[in-house]
Amino acid sequence: MPAVGAARPSPESYIPPPPIADDAGRPVNAANDRTAPVQRNSGAPSRFETPAGGNVPPAVPQQPHPGAVADSESVAVNTSAPAAGGVAVDQAAAAYVSRETPTREEDDPPLAMEAMRAVQILNPSGEVTMPRPDRTRVMCVANQKGGVGKTTTTVNLAVALALHGNRVLVVDLDPQGNASTGLNVPHHTGVPDVYDCLINSVPLEEVAQEVEGIPNLWCVPATIDLAGAEIELVSVVARESRLARAIAAYPGHFDYIFIDCPPSLGLLTVNALVAAQEVLIPIQCEYYALEGLNQLINNINLVRQHLNPKLEVSTILLTMYDRRTRLADAVEQDVRNHFGDKVLQAVIPRNVRVSEAPSYGQSVMTYDPGSRGATSYFEAAQEIAERGVKEPVSRNA
């Protein structure tokens, strides 16, 4: 037997410890001529077997502690031991099983689960589809507060819906042209853009470009020329409905039209509100985003009363959610208490992949489809699609 206090073998290896030599150089735990072999299950009340003879004293049994794990090789289970000893052995065995038995999370490694999410989002086979609405849903993504995720939300929702069987058009109405950058659509000076549609009445189909690598997705880009449209539209007849007329004259059919608005409440945003039927408001989980929300709602109500009676705030999406802060949770509770069911259950977390994707001219759905940001936007797109129609997500026959 090993000396009292010697290191116990690890439960993973079950390799007996190396022999320990006594003063005479003879292994203590080795059998000699005067030592009888160890008798297992001999009926002794002790948990450890005692040599029948020899000069090696029997080891003192150690008391079990909460972190101890039973060693099935070096500890003999005595079937005829008293009930108290049996209970101790059973508890140690139960603790061992609960530690070593793999859980569901261990069965599915993180890389495997990430790969499953990536396949679900990219949908390479095309067999998984989101429900398509009966009519074209024109959604204006607006919030006069900058940096809340309007462009990121527009791009990723459009890509998610297009990858799952919907025909989607993105209208970049922001002079910065970030939505065009995120979809890798040329928008340098000289490229036909939405400015030509608003000022020169160019048909929308002549300006729309197919997005490379994403089927069923088109984009109307924005160039720097759009920065002067606010001033030029002042003297134009029916200046508030220029975009609505361009969309109505488009000969093709889309399931979704997303209009990415600039961070202001000028004529460009008013054109988007007049052209849209629904308003999607991304709200950053911080106080400043809530402060300007009341003014945005007032402007939407004015447009509804005077220019577009069909306009309604249909969707609220919480973005840049940081679960480590109490502020994010407080903002979420305030928004859900005020808007109720209009707030999507999906919440977009702070994720570096979402910020990295535009630098590669991609959305996060294609840049890193297994990331938390891509998964959250996919869930948001799925929820928007299911709210538009009552049919669940289906598979093609």
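My cut-offs for angles: under 35 degrees is roughly parallel, over 145 roughly antiparallel, 65 to 115 roughly perpendicular, and the rest oblique. Axes are lines fitted to C-alpha atoms, for helices over the stretch in contact, with angles from 0 to 180 degrees between N-to-C directions. Helices (H or I, at least four residues) and strands (E, at least two) are DSSP runs, numbered from the N terminus.

The model is predicted; I took local features at pLDDT of at least 70 and side-chain atom pairs only at pLDDT 80 or more, while totals for chains, interfaces and linings use all residues. Residues are numbered from 1 along each chain as its sequence is written, and side-chain values use heavy atoms, with hydrogens and water left out.

I noted the crossing of helix 3 and helix 15 as left-handed, meaning that the near helix is turned anticlockwise from the far one by less than a right angle (clockwise would be right-handed). Arg117, Gln120 and Ile121 of helix 3 meet Ala374, Thr375 and Phe378 of helix 15, with contact taken as heavy atoms within 4.5 Å.

I also checked the length of helix 3. Its 13 residues should span 18 Å at 1.5 Å a residue, and the end C-alpha atoms are 18 Å apart, which agrees; the expected span is 1.5 Å times one less than the number of residues. Asn123 follows helix 3 and has a positive phi, near 50°.

**Helix 4 and helix 15**

I then turned to helix 4 (residues 150-162), which packs on helix 15 at about 70°, with the axes 9 Å apart. The two helices are therefore roughly perpendicular to each other. Their crossing is right-handed. Among the residues in this contact I listed Asn156 and Leu157 of helix 4, and Tyr377 and Ile384 of helix 15.

I traced an open, mixed sheet of seven strands in the order 4-5-3-6-2-7-8. Strand 4 (209-210) and strand 8 (312-319) are at the edges with a single partner strand each, so one side of each has no neighbour in the sheet. Two strands pair if DSSP finds at least two bridges between them.

Strand 3 (residues 168-172) pairs with strand 5 (residues 217-220) in the parallel sense over four bridges. I found Trp218 of strand 5 as the bridge partner of Leu169.

Helix 15 lies across strands 2, 6, 7 and 8, at about 135° to strand 2.
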